[in-house]
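Hi everyone, thanks for coming. Let me walk you through a structure that may be new to you; please have a look at it first.

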Amino acid sequence: MATITVKLTDKHKDVLGRIRRGRRRSMPKLAAKITAVLRKSLNTPYPPASVPPNKPHRRTGNLRDKTFAKAVNQYSVRVYSQAHYSSFMEEGWGDRRDGKAARPFLLQPLIDKRLELRDIIKNELQSSMREA
């Protein structure tokens, strides 16, 4: 029976450490960019009022100012809004006949900017690999 043993040397540990550092550094930058993208998308002035399923227009700026993204760990970013009515805007409420339709404002801007967001992570990983 043949046996193969693989052992990570210090060089491999250094590469893995650089990748981890790159991920750790990219998440706060990614969170800041996501926050900026979301807030910019919520900056369309009122009047006129937005029409579902379009994102809400800015009346007071409360929804925009209370929408954030935060790096949770080196693998994920949490996107949230602290405005008390944000879940109603995102998901809608009531039944289909007399309820209010959803006006999603979190997901679509992120889909539109996904390549930019991906490049933030890519650039940080490349930068950490070039470090001595």
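Let me start with contacts, meaning heavy atoms within 4.5 Å. Among contacts in this chain between residues at least 6 apart in sequence, 57% join residues at least 24 apart.

A word on what you are looking at: this is a predicted model, where local features need pLDDT of at least 70 and side-chain atom pairs count only at pLDDT 80 or more, while totals for chains, interfaces and linings use all residues. Residues are numbered from 1 along each chain as its sequence is written, and side-chain values use heavy atoms, with hydrogens and water left out.

Now the overall layout. The chain holds five helices and two strands; these are DSSP runs numbered from the N terminus, with helices being H or I of at least four residues and strands being E of at least two. Reading from the N terminus, the order is α-α-β-β-α-α-α. Of the 132 residues, 27% are buried. By buried I mean under 20% relative accessible area, by exposed over 50%, and by partly exposed anything in between, using a 1.4 Å probe and protein chains only.

Next, the two strands. β1, residues 67-71, and β2, residues 77-81, pair in the antiparallel sense over five bridges; strands pair if DSSP finds at least two bridges between them. They form a hairpin, with five residues between β1 and β2.

The C-alpha atoms of isoleucine 19 and leucine 125 are separated by 6.1 Å, although the two residues are 106 apart along the chain. Isoleucine 19 counts as partly exposed, because its relative accessibility is 29%.

Serine 128 sits in helix α5, residues 114-130. Is serine 128 buried or exposed? Serine 128 counts as buried because its relative accessibility is 0%. A polar atom of the serine 128 side chain lies 2.9 Å from the backbone oxygen of leucine 125.

Let's move to the loop between α1, residues 10-41, and α2, where we find proline 47. Most peptide bonds are trans. Tyrosine 46 and proline 47, however, are joined by a cis peptide bond, with omega about -5°. Another cis bond joins proline 47 and proline 48, with omega about 0°. Proline 52 is also in that loop. Proline 52 touches Ala101, Ala102 and Arg103, not counting residues up to four places away.

Finally, the largest pocket, which has a volume of about 260 Å³. On a 1 Å grid over the protein atoms alone, a pocket is an open set of points where a 1.4 Å probe fits, with protein on both sides within 12 Å along at least five of seven lines; lining residues have an atom within 4 Å of a point. Here 16 residues form the lining, and Pro56, His57, Arg59, Tyr85 and Met89 lie nearest the centre. Helix α2, residues 62-65, gives the largest share of that lining, three residues.

Note on methods:
Grid points are joined across faces, edges and corners, and a volume is the space filled by probe spheres set on the points. A polar contact is a pair of N or O atoms within 3.5 Å; within protein, one must be able to donate a hydrogen and the other to accept it, and residues adjacent in sequence count only if both atoms are side-chain atoms.
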